Amino acid sequence: MGSLDCCVIGTGYVGLVTGACLADLGHSVVCADRDEAKVAGLATGEVPIYEAGLETVVRRNLEAGRLRFTSDINEAVGESELVFITVDTPSDAEGRADLTNVDEVAREIAAAINGYKVIINKSTVPVGTTKRVQRIIEEAMPEYHEFDVVSNPEFLREGTAVADFKNPSRVVVGSDSQKAIDRMLELYEPMSARVMITDPVSAEMVKYASNAFLATKVSYINAIANLCEVVGADVIEVARGMGHDERIGRQFLMAGPGFGGSCFPKDCRALLHIAREHDYSFDLLEGVLQVNTEQHERMVDKIRRLAGAGDDLAGKVIGLLGLAFKANTDDTRESPAVYVARGLIQDGATVLVFDPEAMERAREELEGASFMADAYDAAQGADVLVLLTEWDEFKWLDYGRVMELMRCPVILDTRNWLDAKALRKLGFTYEGVGR
Ligand SMILES: NC(=O)c1ccc[n+]([C@@H]2O[C@H](COP(=O)([O-])OP(=O)(O)OC[C@H]3O[C@@H](n4cnc5c(N)ncnc54)[C@H](O)[C@@H]3O)[C@@H](O)[C@H]2O)c1
């Protein structure tokens, strides 16, 4: 295997993991980002996100000279044959994927192109974006150079991103060019991953279809959980029984406060938008999003009831454990915890919050909450303590001490994460979801 010269544009959750892991595979990688402060930190091995094992991989490859960071995209593209686009593609006001960053990067690549390049799009983008990037580059490059644009969607999960990148369930490569496909096979060869070659449009669709399917599973089990509450069934038992069926599988059957994060909600909205643009009414997916929004609201309703509050929560103190959209990440984008916190604040509650990793990011999104030093401080004087993110450490709190600190010993466990029996034995009023 030869070492390939790669550049990765956009050093966020996906770009940084991609760049560091490709360097770990032996390739020569330069990561470029327009955020100069981020680049400066990364160049000294300072990783700005919480992601297990990432800092070690970054530092190892920095030291080995296989990984560099720059804000000079022109230079990075100029010296690389493989150019990855890993910029963010947030929702716009109508829910479609905003391609401003992708378009901008395409124009920068066009300005820098100086020989054959494979331009690999890893950002999650609507069907047709491979063509769009190709057209932008063709129109903007000052002199002609051969290039191919490939769709190579990324499936890593925050929290296990390094492991996921290195051991992917599949690598999807969408391209019509054999020359580009050969480079991609060479790139991924050291991973011995299952590589699926397909056309660009199908590759783009695989990503949205996968995320929307997983989101559907979550909304489905949440709807079942809501029904379980009414009929007196336990959703954990129900999910266990369902999960034994291999056609269903066990994953993504955890009832909770709804899905969140930087991908599922945005990608469902984008897929809905694609459907609408093509006059297809994707009612099923509309329902998935609706169940999800209602699930956030249900959590606030549960808290209101458990706090014995009337129309508003004025005078009530609510402690929240967790702000990240799931455990093992500091990402709070579209986190259900943030939605619940906002709902409580709007209802007039005093909201005390703690998360082991996501406090800094949550501060930017959550006005009016009090950010506490630890979980015990978040329980201080609380009428209800709410577990919103399934961090391991919340399992091992001294709940005897928590009880002494609270005004009322009431726990809402929105992740069914804590030991209900033990907490009830201690004297807590414990409520989960769907049980
Ligand atoms: N986060 C995930 O778990 C995940 C998983 C799979 C796919 N994706 C997709 O990957 C893409 C990136 O997601 P992310 O979470 O890594 O985003 P992010 O917001 O963490 O990072 C994006 C980075 O791109 C940089 N950037 C934006 N525009 C730029 C430009 N014009 N030039 C240079 N740098 C620029 C930003 O400064 C930022 O550092 C999105 O399309 C997302 O949907 C994300």
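Biologist: How many helices and strands are there in the protein, and what makes a stretch count as one?

Modeller: There are 17 helices and 14 strands. Each is a DSSP run, a helix being H or I with at least four residues and a strand E with at least two, numbered from the N terminus. The model is a predicted one, in which local features need pLDDT of at least 70 and side-chain atom pairs count only at pLDDT 80 or more, while totals for chains, interfaces and linings use all residues. Residues are numbered from 1 along each chain as its sequence is written.

Biologist: What makes the radius of gyration of the protein agree with that of a compact globule?

Modeller: The radius is taken over C-alpha atoms, and the globule rule is 2.2 Å times the number of residues to the power 0.38. For 435 residues a compact globule would have a value near 22 Å; the protein has 23 Å, and therefore the two agree. The C-alpha trace spans about 70 × 50 × 40 Å along its principal axes.

Biologist: Into which domains is the protein divided, and what sets their bounds?

Modeller: The protein is divided into domain 1 (5-198) and domain 2 (199-435), with bounds from an automatic or database domain assignment. Their centres, taken over C-alpha atoms, are 32 Å apart. The contact takes 27 residues from domain 1 and 25 residues from domain 2, two residues being in contact if their C-beta atoms, placed from the backbone, lie within 7 Å. On the domain 1 side, helix H6 (129-140) and strand S7 (171-174) are the elements that give two or more residues; the largest share, 3 residues, comes from S7.

Biologist: Which residues come nearest to the ligand, and what makes a residue count as near?

Modeller: A residue is near if its C-beta atom, placed from the backbone, lies within 6 Å of the molecule. Of the 25 residues around the ligand, Gly10, Gly12, Val14, Ser123 and Thr124 come nearest. Helix H1 (13-24) and helix H5 (100-112) are the elements that give two or more residues to this shell.

Biologist: Why are strand S11 (370-371) and strand S14 (429-431) called edge strands?

Modeller: Two strands pair if DSSP finds at least two bridges between them. The open sheet has 6 strands in the order S11-S10-S9-S12-S13-S14, with parallel pairing. S11 and S14 each pair on one side only, and so are the edge strands. Strand S13 (residues 410-413) is joined to S14 by 3 bridges; leucine 412 has glutamate 431 of S14 as its bridge partner.
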